[in-house]
Amino acid sequence: MKTRSTLITLIVMLIMCSAALYAEEPTVPEIRLADIQAAVANQQIIADTLWVLIAAVLVFFMNLGFAMVESGLQQAKNSVNISAKNFIVFAIASLSFWFIGWGLMFGDGNAFMGYRGLWMLSGPDNSPATGSAYQGVYSALNWAGVPLFAKFFFQLVFCATAATIVSGAVGGRIKLIAFLIFSVLLTAIIYPITGHWIWGGGWLAQRGFWDFAGSTVVHSVGGWAALAGAIVLGPRLGKYNPDGSPNPIPGHSMTLATLGVFILWFGWFGFNPGSTMAASATDIARIAVTTNLAAAAGTISATIIAWITLGKPDLSMILNGALAGLVAITAPCSWVSPGGAIIIGAVAGVLVVIFVLAIDRWGIDDPVGAISVHLVNGVWGTLAVGLFAAPPWAGGQNQPPVGLFYGGGILSFANQLVGVVIVGVFVFILSWIIWVILHATMGIRVSREEELRGLDIGEHGMEGYPDFESYTMK
Amino acid sequence: MKTRSTLITLIVMLIMCSAALYAEEPTVPEIRLADIQAAVANQQIIADTLWVLIAAVLVFFMNLGFAMVESGLQQAKNSVNISAKNFIVFAIASLSFWFIGWGLMFGDGNAFMGYRGLWMLSGPDNSPATGSAYQGVYSALNWAGVPLFAKFFFQLVFCATAATIVSGAVGGRIKLIAFLIFSVLLTAIIYPITGHWIWGGGWLAQRGFWDFAGSTVVHSVGGWAALAGAIVLGPRLGKYNPDGSPNPIPGHSMTLATLGVFILWFGWFGFNPGSTMAASATDIARIAVTTNLAAAAGTISATIIAWITLGKPDLSMILNGALAGLVAITAPCSWVSPGGAIIIGAVAGVLVVIFVLAIDRWGIDDPVGAISVHLVNGVWGTLAVGLFAAPPWAGGQNQPPVGLFYGGGILSFANQLVGVVIVGVFVFILSWIIWVILHATMGIRVSREEELRGLDIGEHGMEGYPDFESYTMK
Amino acid sequence: MKTRSTLITLIVMLIMCSAALYAEEPTVPEIRLADIQAAVANQQIIADTLWVLIAAVLVFFMNLGFAMVESGLQQAKNSVNISAKNFIVFAIASLSFWFIGWGLMFGDGNAFMGYRGLWMLSGPDNSPATGSAYQGVYSALNWAGVPLFAKFFFQLVFCATAATIVSGAVGGRIKLIAFLIFSVLLTAIIYPITGHWIWGGGWLAQRGFWDFAGSTVVHSVGGWAALAGAIVLGPRLGKYNPDGSPNPIPGHSMTLATLGVFILWFGWFGFNPGSTMAASATDIARIAVTTNLAAAAGTISATIIAWITLGKPDLSMILNGALAGLVAITAPCSWVSPGGAIIIGAVAGVLVVIFVLAIDRWGIDDPVGAISVHLVNGVWGTLAVGLFAAPPWAGGQNQPPVGLFYGGGILSFANQLVGVVIVGVFVFILSWIIWVILHATMGIRVSREEELRGLDIGEHGMEGYPDFESYTMK
């Protein structure tokens, strides 16, 4: 009896002992394992968030780059106005993307636009639009493991970039108020809608259109809006002779232009590697290298082409070559080899020189070359995905098909082309309509007298460099 | 017998088996668990340190922002002097905060000041002042889990910021040597003492005074010191007419001013989110958003008010609007909602325009608007904690009471007001005494001839832009 | 029988139970432990990579700093040329270091140079040069745990820095094409070879030569190449009177020079703390502090010496004092105490003022003081390792012997001296030969007419500031 009961006790204990190791019931180490796993997962969130925020801050800084490039490449008499436009436009984008754009672009909705989470007024915790600090009603970004506010901030600085692209092309003759109103519409509506198609889970994304960091989403969208504005506005006074031949209107500070492009290149290390929206070591290192090589190749090829065609290497061409390379590598940066990046950048540098000269001859006055840089090379870079994409892949959860030059079919290239064309048609027409309506109602162009005297006096009542003798500031 | 002994053996083994799972003695996996937990904790330290150092570097960069804003908003003939002041003052702050300030501010001591760890000459490992690479005798910062050197460096760049605020308001007429001596005293003594009260565990902290990233600790302290200096110095020659009406003295480069403000905005993404002194994902993302929204709202509201009151949107008002929003959101950035941030920023933008115009009329010559930006909005931002603070909280281990507008009592607001007033009285009087003593002994103002000719020639024997025809450089 | 069989069953179960805890066979928690350990190790790689890439981006930004310093300190008529040189040279470095330099410097080879992994055309995954995304055939960098692309990018930006140092010293009279060709040779061959000796596991490294972040590898190498160029080129027209006495040729914008030095200081927080190539919390915090203290001390000592010797504190001396401190602390930053850093920086600030004045008198025309900053203080900083190195050590896997002033023998100092001399002789002679060959074949100096009119018109066909009345731009 005694032995029997002892045995039963033993068996019970054994069962407990075994259960402790293999059962569903967690034992103490089991619990600590789960805790540690959660802690490690949390470390990944922290690293991702650090990376996304730092990248976003670098992209924010690009607004300064744009301001300095656009200012340096235009006349001293308009420098206050250019600075003001670039400065205010970021503030406008911050508010309009907060109130409307973010929800239109990434909120759950249909293939054309998002319509949930439009008013992110109170943030992820107490807004009806959102249910979690990490996901909310923004399913298209659920793949990114960073807090919703980090996603918002990163996307906001991209949106603002698109608006600053317009600023340069319409410089020297546009009414401040007209530009600001257009910027509200661009950042609240146009950019978010096309963005939804591509990054928000919309119809182009579903169709197989690939744009890693925004050659189309950001740059060519900004470029198309700029082109529409430049056409509706017409050229600056004195830009063209009666026979249609263009006159150069040199920028007032090539040092500022250089400063601006270096800042943009600097910021692009947030723009492209940051678009992983995750701190994946090999991916971000690789994207930093492809981005840099394309910029370098664009610089060199633009220098050579400018040297050949113009006789001397014009600095504005050199600088635009770097920007062209950067814009072009933006879509394919994570899916091409370093060698591919060099080719894409080198082609971009050639394209930008050719198009700056051509657009000038076509009677479209783009004082800073924004259309050649952002539209032309935004298109080129997007198409390049269909040509050069090849493993080893980097960045993000999805990859495009292998490109044409690496044995892929024509379909991927065709899909890229279709997306480029439709986004272009949509943005150009919508922008053109807005510019025409603004023109018909409030007017978009300053008076002849104001333009000659400078927009700084006319729009702001002040001069940019009052201590200096200047030809253009009178 | 055999059965019995077998049973005993079994029982012993069972006990061992159980003990292995539940006992104090660690088993092999137990040991590895502890190792892994330590490794994970170390990852958190690394992430925190990366964040704090990167944020500190961004705040360091704000010195360039201040130099460019202050230079751009003043005359060409004083540009070398302004650059020199802003450059040297950071070097001074680096040394004087190292030798004295850091210990006064964060060293263990009493409610008024710290008095241990004053001479951090040999660092955390072999200085008598310190006992660990992470904590030392700086208990008020023990909550931050980063190395002592990271804490020091982060706090140093904040201290230097306060000194650069003074530089702008006293520009165009102060003797270089007087400014440098004042800067030594400000960074070694004044700033650290009031800082100890609030961030060093001193009497205001104990009383319930809340300032997350330094609207009071940094900005209004700098602003009060600047106000005292501007009053003791008197206005620049030609600033006021015999009837007391002010003349505008336009800045020599609005492009530089724009450059500077963009850099400051950029640096503020270190200033505010970095003040968590920890890489807490949701907190830093949230603070980046509130900071940015307040700056954007300040920009827009200042633009509108300037447009209404001045007829045209003056760029210096637009730029100061952004800075005002940034200064105001600094204290409450982690404790308010995005909606609250927008309101705080919008009010700041209005305040700065009103006060720039008012201070000008009151006969206080502040060439760059530093008092309106840093003092007025430092006060406003600190009070705003008592009005807008509300969960969900972010950042740091402690939270203020809920603000007045969210159902909190008047006590929190009153506490903020008391702190603001006492810090203001202390800093203003102490600064005023120092300025008066300097004035009485060595003189703080350059000669009339030197001022007219420019401080660049007078103080430095050189011109800022010798290749250009300039009205002010003669 | 029943009891017996029960007992056997029990024993078997007990053995299983014990085995589960102690056996080689991994149990479920055991497997998860290994997974978690791998995940933690991966977190370390991610943190390291974030740090290295962010530091690299900061170092990239130093190119803007150099461009602005060199532009500001030279004449307006050469500003386009200076910007163009600094801009293109980074693009050149990016490509030539990619194609050749990286493999020469870090590829496995012999004590003189690397010869594997020369053509990193296709990246770490499909290039014959490389076998892993983390190590490849670059054994000298195996100690760094970041992806190969991160190592490459970090080393690339260092290489580009060396080339920009040359740019300043040869400014105002060099043919653009000659400078570009020299830059290709410097970044593809000269810099990588001496770099291999020190950082690539070559003969100086084996001999016990210590240079943490590149006082010699980057700065004095750039400085020696610059010295050779300045000598072969001869001084600018008008720099010296017939009696050999120098004339000052003031820079066209002290604001730009200030901007540039602030950016360089900012970038140095990537240059020095980033050279850990790992996110080691206490190390990077400590290096940030020593770097900053040396820069501050250099600023202050140069200010004082300039004030004493020149009568007034010349801003270019103040700025060069900061740079001198930064260059000098670069080699020893991780191995000296904060007190040591202050002394090293203070000496550097004195040296730079003395040498700027002396080199001017010696008939070597260095328009920006590059030789005094980078060569002289690169040498000083490297020697300082042999004087001031002392525990507590920071940064990296190896430490130098204790320095002479801390009780070490003369051997370490002697080793540093030998390395400094041999690197200097090698780089100076090789550079001198290249400059002479370029001079003899294509010519390295622009025509007298072009120099007088400005290189902007001569080399680029444009003006830097066409809207302004300028003395030098005619």
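How many residues of chain C are in contact with chain A, and how many of chain A with chain C? In this predicted model, 62 residues of chain C are in contact with 63 residues of chain A. The report below describes the sides of chain C, the relation between the chains, and selected helices.

## The sides of chain C

The side of chain C that touches chain A draws at least two residues from each of α1, α2, α3 (79-106), α4 (123-126), α5 (148-169) and α16 (455-460) of chain C. Of these elements, α2(C) gives the most, with 21 residues.

Chain C also meets chain B: 63 residues of chain C are in contact with 61 residues of chain B. Here the elements of chain C that give two or more residues are α1 (2-22), α2 (28-72), α9 (254-271), α10 (281-310), α11 (315-330) and α12 (338-361). The largest share of this side, 14 residues, comes from α10(C).

| α10(C) with α11(C) | 12 residues | nine residues | no residues |

## Relation between the chains

Two copies of a chain are related by a rotation about an axis and a shift along it. Chain C can be laid on chain A by a turn of 120° and a shift of 0.0 Å along the axis, with an RMSD of 0.0 Å. That is the relation of a three-fold axis. Chain C can likewise be laid on chain B with an RMSD of 0.0 Å, by a turn of 120° and a shift of 0.0 Å along the axis. The copies use different surfaces, as 19% of the contact residues of chain C recur in chain B.

## Helix packing

Two packed helices are described by the angle between their axes and the distance between the axes. In chain C, α10(C) and α11(C) pack at an angle of about 145°, with their axes 7 Å apart. The crossing of α10(C) and α11(C) is right-handed. Among the residues that make this contact are Ala294(C), Gly298(C) and Ala302(C) of α10(C), and Ile318(C), Gly321(C) and Gly325(C) of α11(C).

In chain B, helix α12 (residues 338-361) and helix α13 (residues 370-388) have axes that come within 9 Å and cross at roughly 145°. This crossing of α12(B) and α13(B) is also right-handed. The residues in contact include Ile344(B), Leu351(B) and Phe355(B) of α12(B), and Val373(B), Trp380(B) and Phe388(B) of α13(B).

## Helix α10 of chain B

Is helix α10(B) mostly covered or mostly uncovered? Helix α10(B) is mostly covered, with 25 of its 30 residues buried. This helix spans residues 281-310 of chain B and reaches 43 Å from its first C-alpha to its last, close to the 44 Å expected at 1.5 Å a residue. Gly311(B) follows α10(B) and has a positive phi, near 90°.

Methods
Residues are numbered from 1 along each chain as its sequence is written. Chains are lettered from A and ligands numbered from 1 in the order in which they are written. This is a predicted model: local features need pLDDT of at least 70, side-chain atom pairs count only at pLDDT 80 or more; totals for chains, interfaces and linings use all residues. Axes are lines fitted to C-alpha atoms, for helices over the stretch in contact, and angles run from 0 to 180 degrees between N-to-C directions. Helices (H or I, at least four residues) and strands (E, at least two) are DSSP runs, numbered from the N terminus. A crossing is left-handed if the near helix is turned anticlockwise from the far one by less than a right angle, and right-handed if clockwise. Two residues are in contact if their C-beta atoms, placed from the backbone, lie within 7 Å. Copies are superposed by least squares on the C-alpha atoms of residues with pLDDT of at least 70 in both. Ala, Val, Leu, Ile, Met, Phe, Trp, Tyr, Cys and Pro count as nonpolar, Asp, Glu, Lys and Arg as charged, and the others, Gly among them, as polar. The expected span of a helix is 1.5 Å times one less than its number of residues. A residue is buried if 20 or more other C-beta atoms lie within 10 Å of its own, exposed if 12 or fewer, and partly exposed in between; C-beta atoms are placed from the backbone.
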